[in-house]
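Let's take a friendly walk through a protein model together.

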Amino acid sequence: MQSETRAHVDQLTTPAGDPVAVLRFEGDIASTSRNAVLGTYQALGKDAAKLILLDFTKVEYINSSGIALVIQLLMEAANAGQKVAAFGLSAHFTKVFTMVGIPKYASLFSAQAEALAAL
Amino acid sequence: MSEFKSTTVEVRLPSRMGYEKVAMSTAAAVAKLIGFREDRIEDLKTAVAEACINAIEHGNRLNENLSVGVVLNASAHSLEVKVTDDGKGMATQPAKPDIDRKMHGQEDPRGMGMFLIHALVDEAEWVAGADGKGSYVRLVIRLDKDTE
C-alpha cells in the first residue's frame with residue numbers, strides 16, 4: 001500500500017568546487033524505508049564526500065517513522081564528520097521537520113542550487 | 001459550499017501499514033468540503049496518519065484480524081476524527097521529542113507521532129477503552145472564520 005521508497009545518488013560539486021553526494025529519494029518515506037534511506041547513505045562508504053545533500057523533491061509522504069530514519073542518517077553523518085543539508089520538502093513537511101528540530105542539524109532549502117551554494 | 005450540513009463518514013482499515021493513507025485521503029476530502037485551507041488539510045492528514053499508524057502498530061499490534069475504525073464527524077465549522085483500535089490505550093503520554101538527545105543516541109529516534117498530532121490539530125484527546133479494549137484518539141480541527 002505504501003509507495004516504495006526509491007533512492008539513487010548523484011555526485012555534484014558546490015560552486016566552490018567541493019564534492020557533494022546528493023541522495024535523491026522518491027515515493028514514501030516510512031518504517032519500510034530503512035534500506036532506501038540508511039542503506040543508500042551507508043553504501044556511500046568511508047571515502048564519501050564530506051558534504052551530503054538530501055533531495056526530497058519527489059517524496060510524496062513522510063511519516064514519523066520516516067523522519068526517525070532521516071534523524072538516524074543525520075546522526076551517522078555527524079559521527080562521520082559530514083555536513084548535511086536537505087531541499088525539496090513541501091511547505092508542510094518543512095514545517096514538520098522544523099517542529100521536530102531537524103534544522104539544528106541539517107539546513108532546509110527549497111531548491112538544489114540554493115542548498116549547494118550554502119554547503 | 002454555502003451551507004454545510006453536519007454529517008458522519010466512517011471508514012474501517014485493515015491493521016496493515018500503509019492503509020493510513022485511506023484515512024488521510026478521506027479526512028482531506030471531508031475537510032475540503034467544509035472549506036479548510038490547504039495548509040490546514042495537510043496538517044490534518046499528517047495527524048490522521050500518525051493516529052492510524054499508532055492504532056495499527058501499537059493498538060492492534062499489526063494483527064490483520066483486527067481493524068482500525070475511523071469516524072469523521074463534520075460540521076459547518078469543525079471536523080472531528082476518532083480513530084479506534086482494540087488496544088488498551090496509552091498509559092502515559094510520551095515526553096516531547098528532544099532532537100539533541102536523539103542525535104546523541106540518548107533517545108529513540110522514533111516516538112514523535114503523538115507530539116506531531118498535538119502540534120498539528122486544535123484538540124487531541126486519548127481515551128483508554130473500558131475493559132482494556134476499544135481505545136481511541138479524538139482529533140479536532142476548527143474552521144476559524146477570522147483567518148480562513
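Below is a short tour, from the model as a whole down to single residues.

## The model and its confidence

What you see is a predicted model. For the complex, the predictor gives an ipTM of 0.92 and a pTM of 0.93. In chain B, the average pLDDT is 90, and 91% of the residues score at least 70. Keep one rule in mind: where pLDDT is low, the predicted coordinates should not be read in detail.

## Chain A as a whole

Chain A contains four helices and five strands. Starting at the N terminus, its elements follow the order β-β-α-β-α-β-α-β-α.

## Helix α1 of chain A

Look now at helix α1 of chain A, residues 34-42, where A:Ala36, A:Val37, A:Thr40 and A:Tyr41 are buried. These residues cover an arc of only 105° around the axis, which puts them on the same side of α1(A).

What do the buried residues of α1(A) pack against? Their partners are β1 (6-13), β2 (19-29) and α2 of chain A. On the other side of the helix, A:Gly39 and A:Gln42 are exposed.

## A buried residue after a helix

Next, find A:Leu119 in the segment after α4 (112-118) of chain A. Is A:Leu119 buried or exposed? With 21 other C-beta atoms within 10 Å, A:Leu119 is buried, because 20 or more are needed for that.

Leaving out residues up to four places away in sequence, A:Leu119 touches A:Thr14, A:Val20, A:Leu51, A:Lys83 and A:Ala85. A:Thr94 is 25 residues from A:Leu119 along the chain, and their C-alpha atoms are separated by 18 Å.

## Where the chains meet

The contact between the chains takes 22 residues from chain A and 22 residues from chain B. On the side of chain B that touches chain A, the elements giving two or more residues are α2, α3 (99-103) and α4 of chain B. Of these, α2(B) gives the most, with six residues. By class, this side of chain B has eleven nonpolar, four polar and seven charged residues.

Helix α4 of chain B, residues 113-120, has B:Gly113, B:Met114, B:Leu116, B:Ile117 and B:Leu120 buried. Seen down the axis, the buried residues of α4(B) fall within an arc of 160°, so they line one face of the helix. Their cover includes parts of both chains: α2 (64-79) and α3 (91-99) of chain A, together with α2 (38-59), β4 (123-127) and β5 (135-142) of chain B.

## The largest nonpolar core

In soluble globular proteins, nonpolar side chains tend to be buried together. Here the largest nonpolar core has 76 residues, and those with the most contacts inside it are B:Ala27, B:Ala47, B:Val48, B:Ala51, B:Cys52 and B:Val83. The element that gives the most to this core is α2(B), with ten residues.

Which residues is B:Val48 in contact with, leaving aside its neighbours within four places in sequence? They are B:Ala23, B:Met24, B:Ala27, B:Val81 and B:Leu139.

Terms used: Residues are numbered from 1 along each chain as its sequence is written. Chains are lettered from A and ligands numbered from 1 in the order in which they are written. This is a predicted model: local features need pLDDT of at least 70, side-chain atom pairs count only at pLDDT 80 or more; totals for chains, interfaces and linings use all residues. A residue is buried if 20 or more other C-beta atoms lie within 10 Å of its own, exposed if 12 or fewer, and partly exposed in between; C-beta atoms are placed from the backbone. The arc is that of the directions from the helix axis to the C-beta atoms. Two residues are in contact if their C-beta atoms, placed from the backbone, lie within 7 Å. Ala, Val, Leu, Ile, Met, Phe, Trp, Tyr, Cys and Pro count as nonpolar, Asp, Glu, Lys and Arg as charged, and the others, Gly among them, as polar. pLDDT is the predictor's confidence in each residue, from 0 to 100. A nonpolar core is a set of buried Ala, Val, Leu, Ile, Met, Phe, Trp, Tyr and Cys residues joined through C-beta atoms within 7 Å.
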